[in-house]
Amino acid sequence: MKPTGVLFFPAFDWAISPTHPEREERLLYTRDQLFEEGIMDMDEISEYHPRLASFKEVSRTHFCVPSVDTRVTQAHLVSAGSALVMADAFMKGEVKNAFAIIRPPGHHAMTVSHGNRGFCDINNEAVMVEYLRQTYGVRRIAIVDTDVHHGDGTQEIFWHDPDVLFISFHQDGRTLYPGSGFDDELGGPLAFGTTINIPLAPRTTDTGIHYVLDNLVLPLLDEFKPEVVINSAGQDNHYSDPLSNMSFTAQGYAALTTRLKPDIAVLEGGYSVETALPYINMGIIMALAGIDYSNLREPDYDPARFKETADNMRYLRALVDQQLAVFRQREEVVEKNRRKGEEFASIKRSVFYDTDYLREEQREELRICPRCAGFRRITSAATQRTGQRYTVFCVSLPRACCESCAEEARDSYEEMKDRPAFDYVYLQDRILDEFRTFDTKAEVESLL
Amino acid sequence: MLIGIDVGGTYTDGVLFSDGAVVHSVKSPTDETDLKATLLLVLDELLAHGIRDEVHRVVLGTTLITNLLATGQGERTALLLMPGSGLPYGSYRICPETYFLKGGIDFRGREIDPPDKKEIELVLREVDRAGILRVAVAGKFSHRNDSHEKFVRERIGELYPAMEVCLSNEVSGRLNFPRRAVTCYYTAMTMREWNRFADGIEAAIRDRIPSCEVHILKADGGTTTLEGSRKRPCETVFSGPAASTMGAMALSRETLNSVVVDMGGTTSDICLLIDGRPLNASKGATIEGRLTHVSSFAVHSIALGGDSSLRMEDGSLRVGPLRLGPAVCFGGDTPTVTDAFNVLMDLNLGDIKASRTKIEALAAEAGQSVEALCLAVADRVTSTLKDAIRRMFTEWEDEPAYKVWEVVNKRKFVLHRVIGIGAAAPAIIPLLSRELGVDYFLHPYSPVANALGAAVSRPTLAMEVHVDTQKRTYSGAPGGFSGPVKERDYQVHDAVKLARMLLAELSRQRRLSVYSEDAQVYLEEQFNMIRGMGLAGKLFDVGIQITPGFIEEFKGVDL
Ligand SMILES: [Zn+2]
Ligand SMILES: [Zn+2]
């Protein structure tokens with residue numbers, strides 16, 4: 001039997017600020033628990049060494065404004081790089097599954113990155129998805145986000161990608177950051193139904209989440225048939241988490257992991273550093289490795305403490321049925337959208353970066369292509385934390401796109417290079433695996 | 001005058017060292033059934049060549065504990081575990097007589113579940129009925145709070161005073177409960193046999209050289225007094241590779257990145273020196289396939305040495321792993337790796353004609369020229385060693401990292417030199433170093449480097465301290481130290497000071513005070529505990545150690 005790969009990168013020398021929830025102390029007790037248990041010594045576990053993600057690997061997913069090296073710290077690169085180490089271990093067959101216990105987290109980071117949103121600058125799972133595609137030719141991937149917060153960054157990044165099934169359950173956006181992830185957020189016109197949200201009522205318990213898992217998440221995965229299943233393993237659904245109001249337990253997380261069977265789990269949030277994280281991280285590793293976790297519990301664990309309400313169960317049953325139906329009619333809806341004959345679908349959005357306290361104004365256009373899932377053009381402007389204001393133009397060309405889209409996308413980039421309105425023009429050419437940045441002031445192009 | 005004796009599996013080496021020179025050296029076959037007799041035989045021969053009254057230090061490296069554990073001759077020992085919550089109890093298959101007790105401590109050293117007096121008594125009754133007189137007690141996080149382990153010891157003291165007890169927090173202060181439990185178990189298991197041996201050795205040496213200090217070499221390349229070893233016999237395992245590495249350092253005295261290759265008869269041990277300092281096994285010594293908290297050099301052993309036999313099997317050449325006696329040039333029957341090198345490089349070792357005759361016969365059987373056959377042997381030997389060395393580099397480079405700077409400044413092993421130790425080294429090392437593209441170092445004393453290394457090594461000792469200013473407590477281990485700390489303005493340098501003080505105290509207890517001033521900090525961590533929006537306290541982890549090195553009077557070897 002192959003071992004479970006574990007990469008533990010607690011970034012003991014990095015924090016957003018000394019008293020911030022995302023600080024050095026966050027994985028300290030997890031370290032103590034894991035190492036005292038001696039779990040890394042077990043035959044079932046294989047421990048890995050982290051590495052830095054390259055600027056190019058980041059650029060396959062993000063437009064970092066103005067550039068990767070100025071936008072992202074080394075801590076972020078190590079965190080993302082660690083996810084890539086786990087991806088390699090899994091794809092090369094060295095491990096049966098893998099868990100990157102890393103910080104800083106990433107699931108609130110979107111395609112364009114002007115700063116830190118929800119403690120995230122770059123999206124570790126999304127960087128890993130593009131790496132899996134580029135390096136191993138993987139196409140269909142599912143990401144199940146079990147963090148208490150909506151994985152809005154991951155959702156936005158794969159919103160138009162029909163080959164990535166993104167499923168997020170989280171505490172209802174009316175009661176928790178980032179205020180999104182409602183049941184009607186279902187993906188872009190050409191990728192409808194491959195984004196599925198499950199907003200949960202505060203105080204939902206293990207019972208409720210397991211119901212959703214068994215009756216919605218697992219059937220969706222069954223039908224979508226992804227080549228790789230990724231778990232954005234946030235741990236803030238725990239009853240003791242200071243940032244949320246849910247009632248999930250370490251046992252609940254472990255049982256979820258056993259049933260979900262993710263290929264690669266990547267740690268996201270979780271801020272109950274002492275009373276939850278050591279136990280949940282231990283539980284997830286044990287579940288992945290197939291080790292009996294019945295003897296694992298929080299010091300104050302009491303299985304009888306939380307009971308799911310009948311009201312909530314009714315709500316969950318209805319939601320599950322509705323989302324299953326949506327998913328099953330996704331191809332029809334996409335066809336209908338194509339037949340509308342629009343050349344571009346466009347939306348405007350305003351993105352607030354809560355950590356860095358800045359606002360980005362964005363306009364996004366998707367080519368409604370009759371042959372493929374289209375390419376994207378994004379205009380974005382924000383005054384960054386440094387006081388510097390950037391207006392940029394980004395062209396994103398997916399790997400799975402048709403020749404005419406590729407040509408048109410590359411033309412857009414060339415055309416925009418002459419526009420003085422933009423400080424930088426970017427081309428994310430995933431087919432050629434080339435990432436261009438044109439500095440319009442200096443008239444210099446750089447290539448990754 | 002100094003004496004170093006290294007008892008190896010096949011041979012026991014001894015040197016008498018004085019004023020930068022080896023006055024006399026002895027090589028004698030090891031009698032595994034009577035190590036004491038072997039030691040004394042070598043000791044007496046050395047003493048016959050020195051001035052008895054001037055010998056003031058004897059250091060012994062012995063395989064006694066390694067043998068006891070390997071042959072299952074340790075004393076029957078019960079292991080009492082208090083794992084609390086976490087891994088299933090079934091994962092602690094450490095020994096046949098394992099008993100589980102209630103009681104739980106968390107990572108902060110707080111009690112989660114109290115021990116159960118009744119349950120302890122029931123278990124002890126069972127242990128007693130089974131006729132077991134040795135008990136090892138290990139609790140999860142006991143190094144952060146030893147009250148449960150102590151509670152069990154007290155109960156044993158009251159109910160079965162004849163039972164001898166060993167507590168895990170007194171053996172190690174590091175995280176990793178299974179390794180601590182294993183170390184504690186092996187310690188309890190070998191203590192009586194070791195003490196019997198120590199009594200005998202001590203009496204015999206006292207008898208011959210009354211005022212001499214007697215030290216034992218440990219796996220980490222340091223020594224401890226014979227007295228100090230009595231509570232921690234486990235530390236004396238694997239002193240052989242430690243002796244050869246210390247010997248290599250003593251002879252070369254350089255601050256380069258080197259690989260030490262100790263070419264023995266049947267096996268070769270490989271160690272790395274990084275900037276001249278020996279690399280430690282990050283996981284501790286592996287004893288009988290189990291990881292322990294016994295600190296040890298990182299050693300890679302391969303089943304290949306100068307005496308590895310050469311023979312044709314099914315039309316192809318076999319190199320080792322068997323040893324069928326010494327090399328032909330030294331009177332053996334079967335041609336060996338040493339014979340092939342003797343012929344290939346005209347080394348003139350022993351009777352080179354004898355080597356040639358047997359190698360020629362083998363070449364004829366293989367249908368090859370003598371040169372081609374010897375080259376094939378050399379190639380096999382160097383490539384096996386080279387692979388093992390490369391693997392060690394990679395393992396060191398790929399150690400897990402927990403800080404950003406460790407990843408950003410990823411370490412890279414650049415080899416400068418190969419240091420050859422052991423009888424077969426002069427034959428093989430030059431070729432290996434050419435293969436690796438680096439220089440090599442051989443010394444006329446290379447064949448006795450092990451015993452020399454033992455003779456001049458100084459004591460080592462380590463202490464780990466954990467300070468929790470929210471709980472206002474500290475714990476220090478090994479040794480089971482704990483006490484209160486003043487919370488106000490406690491800083492990391494206070495924790496370092498505390499660690500230094502405890503190390504000095506431990507040195508004093510073990511009569512090793514001379515070198516505690518030289519102790520170096522190898523671990524220094526501090527974390528702010530933020531609860532709500534404010535600072536609730538700080539956590540400090542400090543590790544301090546007297547690193548392996550040489551006694552003050554050793555100033556190098558004269559040529
Ligand atoms: Zn979260
Ligand atoms: Zn197209």
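Mentor: What follows starts at the metal site, moves to the interface between the chains, and ends with salt bridges.

Keep one thing in mind: this is a predicted model.

Start with the zinc ion (ligand 2). Which residues hold it? The zinc ion (ligand 2) is coordinated by A:Cys369, A:Cys372, A:Cys402 and A:Cys405. Now look at the angles. The 4 donor atoms around the zinc ion (ligand 2) subtend 103 to 116 degrees, so the arrangement is tetrahedral. Along the chain, the donors follow the spacing C-x2-C-x29-C-x2-C. Take A:Cys369 and A:Cys405, which link distant parts of the chain, 36 residues apart. A:Cys369 sits in the loop between strand E12 (358-367) and strand E13 (376-383) of chain A. A:Cys405 belongs to helix H12 (residues 403-416) of chain A.

Next, the interface. Here 46 residues of chain A are in contact with 50 residues of chain B. The size of an interface is often given as the accessible area lost when the parts come together. For chain A and chain B, the area buried between them is about 3700 Å². Carbon and sulfur atoms account for 58% of it. There are polar links too. Between chain A and chain B, 28 residue pairs are in polar contact. The interface also holds 11 salt bridges. One salt bridge to find is between the side chains of B:Lys283 and A:Asp41, at 3.9 Å from N to O. Which elements of chain A take part? Those giving two or more residues to the side that touches chain B are strand E1 (4-9), helix H1 (28-37), helix H4 (74-91) and helix H9 (277-289) of chain A. H1(A) gives the most to that side, with 8 residues.

Now the salt bridges as a whole. Over all chains, the count comes to 76. Begin with A:Asp152 and A:Arg117, whose side chains meet at 2.8 Å, N to O. This pair links distant parts of the chain, 35 residues apart. A:Asp152 is in helix H6 (residues 152-158) of chain A, while A:Arg117 is in the loop between strand E5 (112-113) and helix H5 (124-136) of chain A. Both A:Asp152 and A:Arg117 are buried.

A:Arg305 is partly exposed, with a relative accessible area of 41%. A:Asp300 is also partly exposed, at 41%.

B:Lys102 forms a salt bridge with B:Glu119, and their closest N and O atoms are 3.7 Å apart. The two residues lie 17 residues apart and link distant parts of the chain. B:Lys102 is in the loop between strand E6 (98-100) and strand E7 (104-105) of chain B, and B:Glu119 is in helix H3 (residues 117-129) of chain B. B:Lys102 is partly exposed, with a relative accessible area of 45%. B:Glu119, at 18%, is buried.

Finish with a network. Salt bridges that share partners join A:Arg23, A:Glu25, A:Glu274, B:Asp106, B:Arg108, B:Arg110, B:Asp468 and B:Arg531.

Methods:
Residues numbered from 1 in each chain as written. Chains lettered and ligands numbered in written order. Predicted model: local features only at pLDDT ≥ 70, side-chain atom pairs only at ≥ 80, totals over all residues. Heavy atoms only, no water. Donors = N, O, S within 2.8 Å, 3.2 Å for Na, K, Ca; no water. Tetrahedral: all angles 85-135°; square planar, octahedral: opposite > 155°, others 65-115°. Helix = DSSP H or I, 4+ residues; strand = E, 2+ residues; numbered from the N terminus. Contact = heavy atoms within 4.5 Å. Buried area = accessible area lost by both parts, 1.4 Å probe. Salt bridge = Lys/Arg side-chain N within 4 Å of Asp/Glu carboxyl O. Polar contact = N/O pair within 3.5 Å; in protein donor to acceptor, adjacent residues only side chain to side chain. Buried < 20%, exposed > 50% of the residue type's maximum accessible area, 1.4 Å probe, protein only.
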